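This report describes selected features of one protein model. The sequence and the structure are shown below.

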Amino acid sequence: MKIETFSHCEGDSLVDPEIKSNVLKVLDETNFRIHHGCANKLRKLLLSQLKRVGWSGDFMLDANSQISLTSYNDEHVLCFQTGNMSRFYADMIKLQYVYQNRKAKGAIYLIPSKEAAKKMGSNIAHFTRFTSEISLFKDIITIPTLVIGIS
């Protein structure tokens with residue numbers, strides 16, 4: 001897969017180098033053609049490969065809630081967004097929650113590139129919009145995050 005990255009709140013340097021390297025290696029070694037309606041298939045493929053390098057299944061934010069993030073690995077959370085544009089605002093809140101409550105010290109956020117999102121469907125969240133929006137909220141969303149756009 002082709003990737004592009006964005007560092008939010010020093011995510012590029014504060015996300016554990018080994019964790020970052022493992023995720024980037026999985027993405028680099030994945031051969032997948034983005035097409036209309038492929039979100040579920042892409043998600044299943046990447047999550048199964050990420051589990052092989054130590055990422056968990058769903059990570060529940062709190063025992064009294066049904067709210068979750070995609071995965072967890074050694075004080076880091078991962079969020080993989082392939083849905084509607086409006087969903088990434090909820091992701092931002094969840095990421096900040098785990099950081100503020102010391103459940104994670106960093107995050108990796110996987111999201112389609114703008115071009116890939118257009119191929120996948122309409123109103124799909126994408127790298128360009130997410131990085132623009134999270135930058136706008138940099139004083140509120142402070143978890144160090146490495147954002148990775150995939151295509």
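Phe-88 is buried, with a relative accessible area of 0%; buried denotes under 20% relative accessible area, exposed over 50%, and partly exposed in between, for a 1.4 Å probe and protein chains only. The model is predicted, so local features need pLDDT of at least 70 and side-chain atom pairs count only at pLDDT 80 or more, whereas totals for chains, interfaces and linings use all residues. Residues are numbered from 1 along each chain as its sequence is written, and side-chain values use heavy atoms, with hydrogens and water left out.

Phe-88 belongs to helix 4. Helices (H or I, at least four residues) and strands (E, at least two) are DSSP runs numbered from the N terminus. Leaving aside residues up to four places away in sequence, Phe-88 touches Gln-81, Tyr-109, Ala-125, Arg-129, Phe-130 and Glu-133, where contact means heavy atoms within 4.5 Å. Phe-88 and Ser-132 are separated by 44 residues in sequence and by 12 Å in space, C-alpha to C-alpha.

Five strands make up an open sheet of mixed pairing, in the order 1-7-6-5-4; two strands pair if DSSP finds at least two bridges between them. Strand 1 (3–8) and strand 4 (71–73) are the edge strands, each pairing on one side only. From one strand to the next, the twist averages 20°.

Strand 5 (residues 76–80) pairs with strand 6 (residues 106–112) in the parallel sense over five bridges. In this pairing, His-76 stands opposite Gly-106 and Val-77 opposite Ala-107. Helix 4 (residues 87–100) lies across both strand 5 and strand 6, at about 165° to strand 6; axes are lines fitted to C-alpha atoms, for helices over the stretch in contact, and angles run from 0 to 180 degrees between N-to-C directions. Both faces of strand 6 are covered: Gly-106, Ile-108, Leu-110 and Pro-112 are buried on one side, and Ala-107, Tyr-109 and Ile-111 on the other.

## Helix 2

The buried residues of helix 2 are Ile-19, Lys-20, Val-23, Val-26 and Leu-27. They lie on the same side of helix 2 because they cover an arc of only 130° around the axis, taken from the directions from the helix axis to the C-beta atoms. An α-helix has 3.6 residues a turn, so residues three or four places apart point the same way. Pro-17, Glu-18, Asp-28 and Glu-29 are exposed on the other side of helix 2.

At the N-terminal end, Asp-16 caps helix 2 through a side-chain oxygen 2.9 Å from the backbone nitrogen of Glu-18.

Conventions. Polar contact = N/O pair within 3.5 Å; in protein donor to acceptor, adjacent residues only side chain to side chain.
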